[in-house]
Amino acid sequence: MNLYLRLIWTLLRAWRAPRLAVGDTLTRTLRTDGPLARTALHGGSVTLQSRRGVLLQAGSSIDVDGGAVVTASGVQGGSGGSISLASGRADVTGSANLLLGGSLSGHALSRPGSLSIATDSIRIGSAAPGGPVASTTLDAGFFSRGGFASYSLDGREFLDLAAGTVIAPRLDAWTAAPGLRDAPTGSALDAYVTAPAGALAPLPAAVNVSLASGAGALTVGAGAGLSLAAGATAQLEANSRLTMDGEIRATGGSVTLRLTRSGPQEGQDYDNAQYLWLGGRSLIDVSGGTVLTPAANGLRQGTVLDGGRITLDAAT
């Protein structure tokens, strides 16, 4: 199921409390094949795109949660869908706004969904005194809300991970609650799931994060960075300048820092500095390690991960 809205000006107003839902329902069937078995199993796709602004006011929500099918053999969980929000144009600067006042959701019993955001400029954390004003400001907790397994952000003019701000995504896994098998068809799935806690709770799932500045500069300030779960992927890309003064940690994961040098900057003279800079206190750590798996038998069980991969690419 796909929903594509291309608008000159997108407004989801709180007083109407709109909700776009393309998933998150339960289907009951005795068959394991045919159209009924696939109905509402996977979350859909929602794209909101505007040259001027995309404003999700307080009280609005976009839901691409995965659904589930109850068959004679058990419960089959679906995957989460995708949400893409984009405002402005790559060839016009300072012309757009993107407000994230509503809720976004991509939970699933199987593979969680993905979230993509593109706008003129993005700041994660608090601005330094005298710093430029970003069209969109987020807090570090944004990456632990909504149940997404993948986040992709592009601040075309600049993306700033402010000094002291650490992105440490946490994805709370959904599992089927005992009452799910008896729930009627059409039930909202989120009423019949649980996030286990305690010693036997699942390990934190990997959340992949991509930060980019498609036509400008990306900055990771001092004391800022990403702390990701084992096996996760971090990708940082900038068109002209990528400055890394913080830390990125992902046990056995993959980290890429890259200059893209595409678009309007390409072909300009060398007075326009382009560089990938690693500060003296910066750190990228993808060392291997032991990841223990919760077990009811009292034995220490788990996986020993190899070291991951670091890619630094300033030669594009």
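**Notes on the predicted model**

1. Let's start with Q49, which is partly exposed because its relative accessible area is 27%, the class between buried (under 20%) and exposed (over 50%), computed with a 1.4 Å probe and protein chains only. Q49 sits in strand β5, residues 45-50; strands here are DSSP runs of E with at least two residues, numbered from the N terminus.

2. A quick word on the ground rules. This is a predicted model, where local features need pLDDT of at least 70 and side-chain atom pairs count only at pLDDT 80 or more, while totals for chains, interfaces and linings use all residues. Residues are numbered from 1 along each chain as its sequence is written, and side-chain values use heavy atoms, with hydrogens and water left out.

3. Next, have a look at the open sheet: four strands run in the order β16-β21-β24-β27, with parallel pairing. Its edge strands are β16 (166-167) and β27 (283-285), each pairing on one side only. Strands count as paired if DSSP finds at least two bridges between them; β21 (residues 225-228) and β24 (residues 247-250) share four, in the parallel sense. L226 stands opposite I248 in β24.

4. L226 turns up again in the largest nonpolar core, which has 47 residues: together with I124, L153, L211, L242 and L257, L226 touches the most other members. A core here is a set of buried Ala, Val, Leu, Ile, Met, Phe, Trp, Tyr and Cys residues joined through side-chain atoms within 4.5 Å. There is also a second, separate core of five residues, among them A68, W174, L180 and V193. In soluble globular proteins, nonpolar side chains tend to be buried together.

5. Zoom in on L211 and you'll find contacts (heavy atoms within 4.5 Å). Leaving aside residues up to four places away in sequence, the partners of L211 include I124, L153, L226 and also Q235 and E237.

6. Is T243 buried or exposed? T243 counts as buried because its relative accessibility is 16%. This residue belongs to strand β23 (residues 241-244). Residues up to four places away in sequence aside, T243 touches L218, T219, V220, Y275 and W277.

7. Finally, I310 lies in strand β30, residues 309-313, and is partly exposed, with a relative accessible area of 40%.
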